[in-house]
Amino acid sequence: MAAVVSVKDLRKRYRSTDPWAVDGVTFELEPGQAFGLLGPNGAGKSTVVKMIAGLLRPNGGTVTLFGLDPGNPAARAGLGFSPEDPDFPKFLRAPEVLDYFASLLGLDEIDRKRRIPETLAFAGLDQERRQIRQFSKGMKQRLGIAQAILGRPKLLILDEPTADLDPLGRRDVRALIDRLKESGVAILLNSHLLSEVELVCDTVAIMAKGRVLKEGTMKEVVPEGRNLEEVFVELVQASSPPGAPRDQLPSFISDQDKK
């Protein structure tokens, strides 16, 4: 089975005097697979995603999307993206938002009449009549996923899809991801909520300072009896230079105990 995304020894820095933002990253993503790209802030995750989407050119290594250069329009046609905090015009309603994105995709009237109602039903928004300004965070997240799948993508990139959601909202988004995987859509998930990643991802790559510290299936990365957060913290801390303990209070606060 051909890989949806193939990244080999990928390298990127923004200026010649800068350290490498991405330094030798390698991984593949298969159809119907959910891949978690994890790491602390500044690890290089967003830079990797931008190169996959064709928004940045690498300084070294290769990245292919459906076997093509990411800048190829045929490759981009198979890509959907849902940002962390989708921001839609507040006085539109969900069908109007999707109609706007359908126009950007170049869908004709027949496709719009078919896809928009079906996509809203898939996202659980088909009965919603309120304007976007009255939507909850979870409803906006689901609408963000709806617009991302409207073009029938083969690869869906989700940036923090369950951030700030309540437990019911997180459950709904997980269910959407599972249904997309079952249909053969590949999912690239960028998230700091490791407990959520552990529930939906088949494989993960943990990054720090532009490098992949560990990559593999969830079973390979997380030994039995441990969880993803423990492995993540251990790997990231081991890759960082020694410094002041994170739990050490600033002296101006701890000094108050002595008064």
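Is Ile187 buried or exposed? Ile187 is buried, with a relative accessible area of 1%; anything under 20% counts as buried. Keep in mind that what you have here is a predicted model.

**Around Ile187**

Ile187 sits in strand S7, which covers residues 186-190. Setting aside neighbours within four places in sequence, Ile187 is in contact with a list of residues from other parts of the chain: Leu29, Gln33, Ala34 and Phe35, then Leu156 and Leu158, and also Ile177, Leu180 and Lys181.

**The chain as a whole**

Zooming out, the secondary structure comes to 10 helices and 9 strands. The radius of gyration is 20 Å, close to the 18 Å that the globule rule gives for 259 residues, so the chain is as compact as a globular protein of that length. Along its principal axes, the C-alpha trace spans about 70 × 50 × 40 Å. Of the 259 residues, 44% are buried, and Ile187 is one of the buried residues. If you look at contacts with a separation of 6 or more, 65% of them are between residues 24 or more positions apart.

**Helix H3 and its two partners**

Two packed helices are described by the angle between their axes and the distance between the axes.

| Pair | Partner residues | Axis distance | Crossing angle |
|---|---|---|---|
| H3 and H4 | 109-122 | within 10 Å | roughly 130° |

Start with H5. The crossing is right-handed. On the H3 side the residues are Ala94, Val97, Leu98 and Phe101, and they meet Leu143, Ala146 and Gln147 in H5. Sorted by class, this contact has 6 nonpolar residues, 1 polar and no charged.

Now for H4. The axes of H3 and H4 cross at roughly 130°, which makes H3 oblique to H4. This crossing is right-handed too. From H3 come Ala94, Pro95, Leu98, Asp99, Ala102 and Ser103, while H4 brings Arg112, Ile116, Thr119 and Leu120. The contact of H3 with H4 has 6 nonpolar, 2 polar and 2 charged residues.

Ala94 and Leu98 of H3 turn up in the contact with H5 and again in the contact with H4.

Key. Residues numbered from 1 in each chain as written. Predicted model: local features only at pLDDT ≥ 70, side-chain atom pairs only at ≥ 80, totals over all residues. Heavy atoms only, no water. Left-handed = near helix turned anticlockwise from the far one by under 90°. Helix = DSSP H or I, 4+ residues; strand = E, 2+ residues; numbered from the N terminus. Contact = heavy atoms within 4.5 Å. Nonpolar A, V, L, I, M, F, W, Y, C, P; charged D, E, K, R; others polar. Buried < 20%, exposed > 50% of the residue type's maximum accessible area, 1.4 Å probe, protein only. Axes fitted to C-alpha atoms, helices over the stretch in contact; angles between N-to-C directions. Parallel < 35°, antiparallel > 145°, perpendicular 65-115°, else oblique. Rg over C-alpha atoms; globule rule 2.2 N^0.38 Å.
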